[in-house]
Amino acid sequence: MVETRVRSELREYIIATWLSGDGRGFADDTDLQQAGVLDSFSTMALIAHLEQAFQLQIEPADVNAETFRSVESIARLILDRLPSQARG
């Protein structure tokens, strides 16, 4: 399932990049900004990673606190941007 792959890729990247490989207490609905994971610089790095990993373009209008609040909300954005053939 594409959604599972997207969430897994997101979680793995965030845990490896900003949580020193320790995903304890980290869930798909964890507020990334409140937890101190994402700030403006890390959000830009995440966007670059997502665009490369999923071969998509994230529009500036999509970059906001709600969209980048959690793995769940980011996964929704990615799934909305993937070409229909990539979604299965």
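Modeller: A polar atom in the side chain of T67 lies 3.2 Å from the backbone oxygen of D62. This is a polar contact, meaning a pair of N or O atoms within 3.5 Å; within protein, one must be able to donate a hydrogen and the other to accept it, and residues adjacent in sequence count only if both atoms are side-chain atoms. The model is a predicted one, in which local features need pLDDT of at least 70 and side-chain atom pairs count only at pLDDT 80 or more, while totals for chains, interfaces and linings use all residues. Residues are numbered from 1 along each chain as its sequence is written, and side-chain values use heavy atoms, with hydrogens and water left out.

T67 sits in the loop between α2 and α3. Helices here are DSSP runs (H or I, at least four residues), as strands are (E, at least two), numbered from the N terminus. T67 counts as buried because its relative accessibility is 17%; buried means under 20% relative accessible area, exposed over 50%, and partly exposed in between (1.4 Å probe, protein chains only). Leaving aside residues up to four places away in sequence, T67 touches D62, S73, I74 and L77, where contact means heavy atoms within 4.5 Å.

L79, which lies in helix α3, is buried because its relative accessible area is 16%. The C-alpha atoms of L79 and D31 are separated by 19 Å, and the two residues are 48 apart along the chain.

Next comes α2. Its 15 residues should span 21 Å at 1.5 Å a residue, and its end C-alpha atoms are 21 Å apart, which agrees; the expected span is 1.5 Å times one less than the number of residues. S42, T43, L46, I47, H49, L50 and F54 are the buried residues of α2. Seen down the helix axis, they fall within an arc of 165°, so they line one face of α2. That arc is taken over the directions from the helix axis to the C-beta atoms. The other side of α2 has S40, F41, M44 and Q52 exposed. The cover over the buried residues of α2 includes α1 and α3.

At the start of α2, a side-chain oxygen of D39 reaches to within 3.0 Å of the backbone nitrogen of F41. After α2 comes Q55. Q55 is not a glycine, yet its phi is positive, at about 50°. Q55 belongs to the loop between α2 and α3, and it is exposed because its relative accessible area is 65%. S20 is another residue other than glycine with a positive phi, near 50°. S20 is in the loop between α1 and α2, and its relative accessible area of 73% is why S20 counts as exposed.

Charged pairs are the last topic. Side chains of opposite charge can pair when their charged atoms come close. The structure holds seven salt bridges, a salt bridge being a side-chain nitrogen of Lys or Arg within 4 Å of a carboxyl oxygen of Asp or Glu. One of them joins the side chains of D28 and R7 at 3.0 Å, N to O. It links distant parts of the chain, with D28 in the loop between α1 (2–18) and α2 (40–54) and R7 in helix α1, 21 residues apart. D28 also meets R11 in a salt bridge, at 3.4 Å, N to O. This pair too links distant parts of the chain, with R11 in helix α1, 17 residues from D28. R11 counts as partly exposed because its relative accessibility is 23%.

A further salt bridge runs between the side chains of R69 and D31, at 2.9 Å, N to O. R69 is in the loop between α2 and α3 (71–81) and D31 in the loop between α1 and α2, so this pair links distant parts of the chain, 38 residues apart. With a relative accessible area of 26%, R69 is partly exposed. Salt bridges that share partners join E3, R7, R11 and D28 into one network.
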